[in-house]
Amino acid sequence: MTPVDHLEPTARIARHPIHPMLVPIPITCFVGAFLTDIAYWLTAEMMWADFSAWLLSAGLIVGVLAGIAGLVDFLGNRRIRSQPPAWPHMLGNLVVLVLAFFNTLIHSRDAWTSVVPTGIILSFVTVLILPVTGWLGWSLVYRHGAGVSR
Amino acid sequence: MRPRMTAARVSHLAPCLTALLLAGTAITLSGCNEGGDPKAETGANPTLPALVQYLLPPMNVAHVVGWKQGETPTVAPGLKIEALATDLQHPRSLYTLPNGDVLVVESKAPPAPAPRRPKDIVMAWVESWATSGGSTGPSNRITLLRDTNGDGVPDAKSIYIDHLNSPFGVALVGNDLYVANTDAIVRYPYRPGEPEMKAQGTTLTELPGGPIDHHWTKSLVASKDGSLLYVGVGSNSNITENGIEAEKNRADILEVNRDNGRWRIFASGLRNPNGLSFEPQSGALWTVVNERDEIGPDLVPDYMTSVKDGAFYGWPYSYYGQHVDPRVMPQRPDLVAKAIPPDYALSSHVAPLGMVFYTGNALPQSYRGGAFVGEHGSWNRTPLNGYKVVYVPFSEGKPDGMAQDVVTGFLNSDNQARGRPVGLAVDKTGALLIADDVGNTVWRVTAAGG
């Protein structure tokens with residue numbers, strides 16, 4: 001069975017799917033924010049908390065764009081939607097974005113409690129979910145051929 | 001093996017989960033808490049609620065509409081009010097010279113530093129709603145008002161000193177006129193009657209200024225014998241979020257030697273001290289202080305207090321004595337143990353920026369001997385608080401009784417700002433003067449029918 005022809009993404013530029021082009025940015029930002037949270041926790045040096053706030057904001061903005069592109073693919077092609085990893089991939093990443101949204105608000109507090117304890121916990125949980133949803137996303141591509149043109 | 005979680009089964013879960021997440025978001029964001037009665041936290045023993053930390057700090061900024069033709073603030077019975085001067089550019093503080101001339105310090109905040117984090121960008125945007133609508137002029141100058149015919153209304157107005165650096169405090173000792181710019185105390189040779197300062201100023205001492213210059217108003221007062229100057233230097237952040245190293249010599253009142261400009265820290269832990277004045281009966285130095293934000297609509301009460309030599313009033317480590325602020329790290333239990341509570345709470349977020357003790361006798365008897373306080377008004381509390389001038393009665397050198405509203409109506413019925421009171425002064429006739437930096441007006445309060 002070759003489902004490849006039927007799993008064309010709806011959100012694409014010149015037949016290149018947009019969603020996988022965007023997702024590395026929020027992943028990098030959210031992992032980075034967890035690391036800078038740890039650095040702030042260990043040093044109480046505001047520079048690290050400021051890094052976290054920028055990383056979370058950038059990750060959230062691009063993450064929402066990636067989410068929109070992914071949702072367009074998800075809703076635009078019933079065959080993509082019906083692949084087993086599709087739903088948990090979508091829901092898991094929705095959780096990631098909601099966590100990042102609250103985490104951005106927490107990080108807008110002033111000084112210590114912008115990170116410790118709530119901020120760094122949310123950053124950690126986000127980083128725990130990312131490998132799972134990432135794995136599911138790459139399953140959609142490598143195993144099920146979502147977005148693969150030939 | 002295929003994953004056993006079929007699409008159909010998960011799709012049942014999905015709407016529920018999504019709904020749950022969205023509902024959670026809505027509840028948390030709308031769960032804003034309203035402030036209680038400000039009277040409960042006014043006086044010597046304010047009620048301090050438990051500290052709350054927000055997801056989204058309330059930003060309740062009064063939009064500026066300005067004064068329409070003929071509109072004035074409202075005064076308490078027995079008083080009347082008129083505009084002494086209009087079309088000013090952010091008048092922030094006032095000083096009455098011995099010959100009756102009034103100096104109006106028009107001042108703008110120094111340029112903002114580069115944003116350190118996303119919040120700085122959002123806050124600057126929201127706060128820009130609250131700045132004055134009309135005035136885009138140069139400001140940062142001192143205007144002199146002179147009443148040549150003695151009717152109380154100035155008939156001459158001149159630019160006395162121009163091109164200052166965010167000035168605020170003024171003090172005259174003999175013929176030395178001191179202006180506290182945001183980054184230095186500058187001395188000018190004063191000659192009574194001159195409409196314009198001809199001489200250049202000389203720097204007495206530099207003060208903590210930029211590049212970060214969060215609380216930039218430097219309040220100034222001279223000691224009775226004229227040998228010392230006291231200057232208020234506000235903190236460089238709400239609660240150390242710009243790093244503790246940015247707070248060097250800040251949140252302090254400095255005592256400056258007038259001979260040589262050498263200074264020492266007179267008192268510390270005062271987040272943003274303004275309105276420095278000597279209480280006439282005790283001779284003690286008093287200040288009004290803006291306390292910290294974002295831990296609740298009723299925390300922390302702004303206050304007025306006598307300032308004791310060498311005392312520590314808590315900021316940033318604690319508030320109102322020994323209430324520890326968890327946002328500061330590393331904590332300093334050694335300093336918290338030394339922190340003393342202030343004398344008199346004015347309730348939270350009222351932003352007192354001006355204070356004057358009334359020793360005149362032109363206003364009704366009930367306003368004699370106590371202090372008027374100019375409350376610029378809240379931006380992070382629902383409902384709004386401040387935006388008025390209050391009177392705190394004193395007896396035997398201490399506050400005695402509840403703060404009373406004296407001048408109100410800076411907000412209209414839709415909670416839009418027509419003006420905001422800042423610095424206060426008493427003119428030569430004993431009238432109370434109010435600088436209104438949003439209405440760009442100086443108001444004059446006198447006894448009704450007088």
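1. The hairpin of β29(B) and β30(B). These two strands of chain B form a hairpin with 4 residues between them. In the turn, Asn440(B) has a positive phi of about 55 degrees. Strand β30 covers residues 441-447 of chain B, and its pairing with β29(B) is antiparallel, over 5 bridges. Thr441(B) in β30(B) is the bridge partner of Asp436(B). Strands here, like helices, are DSSP runs numbered from the N terminus: E for strands, at least two residues, and H or I for helices, at least four residues. Two strands pair if DSSP finds at least two bridges between them.

2. Basis of the model. This is a predicted model: local features need pLDDT of at least 70, side-chain atom pairs count only at pLDDT 80 or more, and totals for chains, interfaces and linings use all residues. Residues are numbered from 1 along each chain as its sequence is written, while chains are lettered from A and ligands numbered from 1 in the order in which they are written.

3. The other partner of β29(B). Strand β28 spans residues 421-426 of chain B and runs antiparallel to β29(B), joined by 4 bridges. Val426(B) stands opposite Leu432(B). β28(B) and β29(B) also make a hairpin, with 5 residues between them. Its turn holds Gly430(B), with a positive phi of about 95 degrees.

4. Burial of β29(B). How many residues of strand β29 are buried? The count is 5 of the 5 residues, 432-436 of chain B, so the strand is largely enclosed by the rest of the structure. Buried means that 20 or more other C-beta atoms, placed from the backbone, lie within 10 Å of the residue's own; 12 or fewer is exposed, and in between is partly exposed. Leu432(B), Ile434(B) and Asp436(B) point one way, Leu433(B) and Ala435(B) the other way. In a regular strand the side chains alternate between the two faces of the sheet.

5. The sheet from β8 to β11. In chain B, 4 strands form an open sheet in the order β8-β9-β10-β11, with antiparallel pairing. β8 (169-173) and β11 (202-206) of chain B stand at the edges. Each has a single partner strand, so one side of each is left without a neighbour in the sheet. The twist averages 20 degrees from one strand to the next. Angles are taken between N-to-C directions, from 0 to 180 degrees, and axes are lines fitted to C-alpha atoms, for helices over the stretch in contact. Strand β10 (residues 184-189) of chain B pairs with β11(B) over 4 bridges. There, Ala184(B) stands opposite Glu206(B).

6. The sheet from β12 to β15. An open sheet of 4 strands in chain B has the order β12-β13-β14-β15, again with antiparallel pairing. Its edge strands are β12 (220-222) and β15 of chain B, each pairing on one side only. Twist averages 25 degrees from one strand to the next. β12(B) is joined by 3 bridges to strand β13 (residues 228-233) of chain B, and Ala222(B) stands opposite Leu229(B). Strands β14 (residues 252-257) and β15 (residues 263-268) of chain B pair over 5 bridges. Ile253(B) faces Ala267(B) in β15(B). Their hairpin has 5 residues between the strands, and Gly261(B) takes a positive phi near 80 degrees.

7. Chain A overall. Chain A has 6 helices and 2 strands. Their order from the N terminus is β-β-α-α-α-α-α-α. The C-alpha trace spans about 55 × 25 × 20 Å along its principal axes. Of the 150 residues of chain A, 45% count as buried.

8. A helix pair in chain A. Helices α3 (residues 46-76) and α5 (residues 86-107) of chain A pack at about 155 degrees, with axes 9 Å apart. That makes α3(A) roughly antiparallel to α5(A). The cut-offs: under 35 degrees is roughly parallel, over 145 roughly antiparallel, 65 to 115 roughly perpendicular, the rest oblique. The contact of α3(A) with α5(A) has 10 nonpolar, 10 polar and no charged residues. Ala, Val, Leu, Ile, Met, Phe, Trp, Tyr, Cys and Pro count as nonpolar, Asp, Glu, Lys and Arg as charged, and the others, Gly among them, as polar.

9. Where the chains meet. The contact takes 30 residues from chain B and 25 residues from chain A. Residues are in contact if their C-beta atoms, placed from the backbone, lie within 7 Å. α1 (7-30) and α2 (118-127) of chain B each supply at least two residues of the side that touches chain A. α1(B) gives the most, with 8 residues. The chain B side divides into 15 nonpolar, 8 polar and 7 charged residues.

Key:
Contact = placed C-beta atoms within 7 Å.
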